[in-house]
Amino acid sequence: MTLKTYILSLYILLSLASCGVSNSLHDIPDVSSYNPTIPERQTISDTSFTTKNGYLTKNKFGQWELYVTGDPYQIGLNTGSLTQELFEKQEHAFLGKVDELVPSKFKQYLLRKMLAWYNRKMYLHIPEEYKSEILGVSKYAGDTYDYVADNYLRILYFHSAHDIGHALQDLMLVGCSSFAAWGNKTEDGDLIVGRNFDFYAGDDFSKDKIIAFIKPTNGYSFMSVTWAGMLGVVSGMNDQGLTVTINAGKSDIPWVAKTPISILTREILQYASNIDEAIEIAKKRQVFVSESIFIGSAKDNRAITIEVSPKNFGVYDVENSNQLICSNHFQSEAYANDEKNTKHKLESHSLYRYERMEELLNDTPKLTPQIAVDILRNKEGLHDKTIGYGNEKALNQLLAHHGIVFKPEDRLVWVSSNPYQLGEFVAFNLNTVFNEAPNNNQAEPLNNKSLTIEEDPFQYTQAYLDYETYRVLSRQVEKSISHDDHIVPIMLTELQDANPDYWKGYYLVGKYHYEKKHYRAALNAFEEAKTKEITTVPDKEQIDLYIKKIKRKLNEE
C-alpha cells in the first residue's frame, strides 16, 4: 500500500464527521459498567512509563513493549495514557501530509463527499467492548485535529483505513507473504509460522512499532505487533497458542463499511483457542474487503486460511501436506471460479511470491525459527535470480512494517526490529511475559535476549546503502515528473546505478524523457526496463504502451 493511498484513506475516513455520518455520533459506547478510574501515569525515564494497570518501555532493539490489563475501557484508558505521545506522532505523520498530497481544498471536499457514506454503518459492525476501548484511548488524543473529527470518531475510523486503502488502489495491494510448517516439515514436529507484513505508510510509520501484550478481563491474553491508536490485530498470538495474521486479497471498491478486518482478527485472537473456534467467529462477522486470515494453532498443530470477502467465505486446509503457504490470492474451493481472484493470480506478483516460498521451503528439509527468518529476509527471485532490491516479487521487499515468526506450542514469538526485517528478530515468551509483567513496576523490557535471532549483515553492505540512495532518488524523480520539473542528467544516471537490477529505475528515467519529448532516450530506458524482472502484467503493458507510442512518434519525424 502506498503512502499516498493510506494517508488519503485516513483523511477521507476521518473527515466523515462533517459529511453526514451522524449515526456514529450518537453511538458513543456506554461504559458505565466499567471501571471509570483515570490512570495516573508515572514517568520512569523518557522511554519508560507505568500506570497501575500497565507499562510502556522501549527495549534496546528500538521496539516499544506495551503491557496493559483490565476491562475494555480500562485497557483503552491505560493504553491511551501510556502511548499518547506516540499517537500524536503517528497522527501528525499521516494527517500533516494531506495538504501536500491534495493541496486543493475543493478536491479534498470532493473526496470526502464521494466516500462519506462508506462508513455510515460501520459502527453497527464493531463489538461494543472494542468501541469502549477506542473511547478510552481517545481520551488521550491531542486536540490538533479536532477540526477533522472528534477524538473518538478519528480513532474509530483509523481501523478501516487498511481496508479502504487496499480496496481503492486496486492492483497495488499490500504484498504480504505467510507460511507455516509442522510435523515432518519442522525440526521437532511442532508448528512454526512466519510472515512479512509488507505495509508501507512512510518511513516514520515503522519507527515506533509497538509489541503489545494485552490481558483482558474477558477472553484470552494475547500479544500483537501494532502502532499507537490501533487496537486491531494484523499479527498476533494468544496464550492458547493460536496465531493470527492477515493477507490482503483482491477487492472491489466497497459500497459500505462493515467490520474492519483488524477488528475481526482481534476478536478471533481474544476469543478463539483452536481452528474451529476461529472459523465460527469469522463466520458471524460481515466484512467489506477480501482478506486471507492465516490461523496457526498449537492445539491442532497445523495452520489453515480463512478466506473472507463481502459475498463469499471459504476455508483452505491442506491435505496430505504439512505446510501451508499464503500470499495475496485465495486458494479454497469457494473461490475456484472467482474471476477477480483468477485475474489477480495472472496479473499480480502474488503467485510469484507463492512459488518462491514453495521453492525455499522445499529446499529446507526441516524448518526452524532461524530458517523461517532467513526465508522472510530473502531478497532474490525464483531460482535465486537477482531481481533488484525493493521488487515486490521478492519476499523481502525492503519496506515491511515487520516480519514475525511464531512457535505456538512453546508460546514463543520473534518480531523483527528496524530496518525492515534486517534488524534482530527479538524473542518473547508469552508464558514469561504474562507471569512477570503484572509485577514489572520498573517497566523493564521482557524480551528474551538468549533466544533473539541475530541481525542480517546485509544492512552493513554497500548494496544496502545504494538501495537507500535509490529510494531517495526515486522519490525525487517521481516528484519532479509529476511537477514537470527539470532533472539534471547525473541524477537519472545515479538512480539507475543505485539499483541496477530493478526495472523501475529505468521506467522512471524513460517516463521523464518521454514527458520531455526526448524520445530516443526514453526508448532506450524502457527497453532496458523490459530486460529486468517487471513486477506485474499491468506494469509490463504500461511499458509496452510507451514503447509503441515512442516508435510511432519517431516514425513520424
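E267 is buried, with a relative accessible area of 7%; buried here means under 20% relative accessible area, exposed means over 50%, and partly exposed is in between, using a 1.4 Å probe and protein chains only. This is a predicted model, where local features need pLDDT of at least 70 and side-chain atom pairs count only at pLDDT 80 or more, while totals for chains, interfaces and linings use all residues. Residues are numbered from 1 along each chain as its sequence is written, and side-chain values use heavy atoms, leaving out hydrogens and water.

Back to E267. What does R285 form with E267? A salt bridge, with the closest N and O atoms 2.8 Å apart. The term means a side-chain nitrogen of Lys or Arg within 4 Å of a carboxyl oxygen of Asp or Glu. R285 lies in the loop between α10 and β11 and E267 in helix α9, so the pair ties together parts 18 residues apart in sequence. R285 is partly exposed, at a relative accessible area of 24%. Helices (H or I, at least four residues) and strands (E, at least two) are DSSP runs, numbered from the N terminus.

Now the sheet. Eleven strands form an open sheet with mixed pairing, in the order β1-β2-β3-β4-β7-β8-β9-β10-β11-β12-β13. Its edge strands are β1 (42–45) and β13 (312–316), each pairing on one side only. Two strands count as paired if DSSP finds at least two bridges between them. From one strand to the next, the twist averages 15°. Angles run from 0 to 180 degrees between N-to-C directions, and axes are lines fitted to C-alpha atoms, for helices over the stretch in contact.

Within this sheet, β7 (residues 210–216) and β8 (residues 222–226) pair in the antiparallel sense over five bridges. I214 has F222 in β8 as its bridge partner.

Which strands does helix α9 lie across? Helix α9 (residues 261–271) lies across β7, β8, β9, β10, β11 and β12, and runs at about 165° to β10. Helix α10 (residues 275–283) also packs on the sheet, touching β10, β11, β12 and β13. Its direction makes about 5° with that of β12. Contact means heavy atoms within 4.5 Å.

Next, the nonpolar cores. A nonpolar core is a set of buried Ala, Val, Leu, Ile, Met, Phe, Trp, Tyr and Cys residues joined through side-chain atoms within 4.5 Å. The largest has 62 residues, of which L156, I268, I293, I295 and I306 touch the most other members. Leaving aside residues up to four places away in sequence, I268 touches L242, V244, A278, I281, A282, I293 and I295. A second, separate core of 34 residues includes Y464, I481, W503 and L554.

Another strand pair is β5 (residues 177–181) and β14, antiparallel over four bridges. There, F179 stands opposite I325 in β14. From β14 (residues 323–326), Q323 and I325 point one way, L324 and C326 the other, and all are buried.

How many does a search of the whole structure find? The search finds 23. One of them joins the side chains of D190 and K407, at 3.8 Å from N to O. D190 sits in the loop between β5 and β6, and K407 in strand β15, 217 residues apart. K407 is buried, with a relative accessible area of 7%. D188, D190, K407 and D410 are linked in a network of salt bridges.
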